[in-house]
Amino acid sequence: MDWLREQTAAAVTFLTTWTTVFCVWLAEMVMALGYPGIVFLMAVESSLVPFPSELVMPPAGFLVHEGQMTWAAVILCGIGGSLAGALFNYFLARWLGRPFLERYGRYFFLKPEHLERTERYFARHGEITTFIGRLIPVIRQLISLPAGLCRMPLGKFCLYTCLGAGLWVTVLTVIGWLVGRNQDLLHEYMQSATMWVLALAAGVVVVYVKVKGRK
């Protein structure tokens, strides 16, 4: 059993290391393309592919610090790529729609009443959910799926996706501008930024609930 645990730990370490190396290599290769590379990688990050935005925007922020890129262009490209990836998920879910989940949902432990509750929820709270979802790790890649499934109005979906993505993209770009290539400092700043953004999201939810309750 000890041998099996050791081999498993070694395999996990190997896969983690090479996954990190590959992600960094891919980020450097696409970043060499400039602004289109930012759009492409952020689109990948916002779709179903688990590619972290932390490998894209901080290096772009460093290039802003070096004078090789501009603030406005980097942030707009980050938002544009995030929206493109989110729209891919949105239209995928909208295209598959309820018939697919009604037919195969039982394999994912989804019942018809779950779909109905989700649709009612998004009809009432789709905007705030989309905005907050863009600020939460992992959820930001998935929040577009229920929005598309419930046919959230496209204009509202784009607006609140851009607001949430814009906030996160700006935070990452500022961090890259501040820390440059210092990986240890980058990790420290990323942890702090994530906690502050989550706290902000929680505060927004509290305010939203109170305002809704008064109405």
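Trainee: Is Trp-177 to be read as buried, partly exposed or exposed, and what is its relative accessibility?

Mentor: The class follows from the relative accessible area: under 20% is buried, over 50% is exposed, and what falls in between is partly exposed. In this predicted model, Trp-177 has a relative accessibility of 36%, so it counts as partly exposed. The residue is found in helix α8.

Trainee: How much accessible surface does the protein have, and what percentage of it belongs to carbon and sulfur atoms?

Mentor: The accessible surface amounts to about 12800 Å², and carbon and sulfur atoms hold 70% of it. As for the interior, 39% of the 215 residues of the protein count as buried.

Trainee: What percentage of the contacts with a separation of 6 or more comes from residues 24 or more positions apart?

Mentor: A contact requires heavy atoms within 4.5 Å. Among the contacts in the protein with a separation of 6 or more, 74% are between residues 24 or more positions apart.

Trainee: Where is Ser-47 placed, and is it buried or exposed?

Mentor: Ser-47 lies in the loop between α2 (35-46) and α3 (57-65). Its relative accessible area is 10%, which means that Ser-47 is buried. A polar atom of the Ser-47 side chain is 2.9 Å from the backbone oxygen of Val-44. Apart from neighbours within four places in sequence, Ser-47 is in contact with Gly-85, Phe-88, Asn-89 and Gln-141.

Trainee: How many disulfides does a search of the whole structure find?

Mentor: A disulfide is a covalent bond between the sulfur atoms of two cysteines. The search of the whole structure finds zero disulfides. Cys-158, for instance, is in no disulfide: the nearest cysteine sulfur belongs to Cys-162 and is 6.4 Å away. The cut-off for a disulfide is within 2.5 Å.

Trainee: Is Cys-77 buried or exposed?

Mentor: Cys-77 has a relative accessible area of 15%, so it is buried.

Note on methods. Residues are numbered from 1 along each chain as its sequence is written. This is a predicted model: local features need pLDDT of at least 70, side-chain atom pairs count only at pLDDT 80 or more; totals for chains, interfaces and linings use all residues. Side-chain values use heavy atoms; hydrogens and water are left out. Buried means under 20% relative accessible area, exposed over 50%, partly exposed in between (1.4 Å probe, protein chains only). Accessible areas come from the Shrake-Rupley method with a 1.4 Å probe; for residues, only the protein chains shown count as cover. Helices (H or I, at least four residues) and strands (E, at least two) are DSSP runs, numbered from the N terminus. A polar contact is a pair of N or O atoms within 3.5 Å; within protein, one must be able to donate a hydrogen and the other to accept it, and residues adjacent in sequence count only if both atoms are side-chain atoms.
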